[in-house]
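Good morning, and thank you for joining.

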Amino acid sequence: KGGAARQARALLSQQQMYGGDDYGDPSVPDITRPDRVACQVPGCGANLYAAGVSTYFRRHRVCLSHAKADQVFINAAGMRFCQQCGIMHPLANFDGSRKSCRVQLDRHNLRRRSRRKTQTQASKGAAAAAGSAGGGGGSRKADRNSDR
C-alpha cells in the first residue's frame with residue numbers, strides 16, 4: 001500500500017535536498033561531512049547533528065524552531081513546515097494555523113471516512129444476519145398480524 005506515494009515523497013525530498021524545488025534552493029549538504037548538515041531555512045545554520053537533535057529533524061533538514069514556526073520566509077515567500085509531508089509548503093496550502101497541508105488533511109479524512117463506512121456496513125450486515133437467523137425475532141405486532 002502507498003508504494004507510489006512513498007516513491008513520490010522520496011523523489012520530492014531528494015529534489016528539495018539537492019536544489020530542485022521551486023521555493024528556494026537550500027544549500028546542498030556535504031555528504032562526506034554529515035556534521036555540517038544545517039537547517040534548510042536560509043540564514044538559520046542550526047547544526048542538526050548537535051547533541052540532542054532527533055533524527056526526524058535531520059531527515060527533514062529543519063530545526064525545531066522552524067518546524068514549529070507559523071511562517072518562515074524562503075525567497076520572500078511565506079512558507080510553513082508540513083508535519084505530514086515533511087517539507088515546506090506555501091502558506092496558502094494550510095488552513096489557519098494547522099501544521100498539516102490541505103492535501104494531507106484531505107487524504108487523512110478520506111481514509112477515516114472510508115474506514116468508518118466499511119465499519120458501519122459490516123455492523124449492518126452482521127445485524128441483518130442476526131435478525132434473519134434468529135427465527136423471526138420480529139415484533140409482536142407483526143406476529144399478531146400474521147395470525148389473522
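I shall speak about a sheet, then about aromatic contacts.

First, the basis: this is a predicted model, in which local features need pLDDT of at least 70, side-chain atom pairs count only at pLDDT 80 or more, and totals for chains, interfaces and linings use all residues. Residues are numbered from 1 along each chain as its sequence is written, and side-chain values use heavy atoms, leaving out hydrogens and water.

The open sheet has three strands in the order S1-S2-S3, paired antiparallel. Strands here are DSSP runs of E, at least two residues, and helices are runs of H or I, at least four, both numbered from the N terminus; two strands pair if DSSP finds at least two bridges between them. Strands S1 (72–74) and S3 (88–90) are at the edges with a single partner strand each, so one side of each has no neighbour in the sheet. S1 and S2 (residues 77–81) are joined by three bridges, and Val 72 has Met 79 of S2 as its bridge partner.

Which residues form the aromatic cluster? They are Tyr 56, Phe 57 and Phe 81. Rings pair if their centres lie within 6.5 Å, with planes under 30 degrees apart stacked, over 60 edge-to-face and the rest tilted.

Phe 81 is buried at 1% relative accessibility, whereas Tyr 56 is partly exposed at 27%. Buried means under 20%, exposed over 50%, and partly exposed in between, with a 1.4 Å probe and protein chains only.

Note on methods. Rings of Phe, Tyr and Trp (its six-membered ring) pair if their centres lie within 6.5 Å; planes under 30 degrees apart count as stacked, over 60 as edge-to-face and the rest as tilted.
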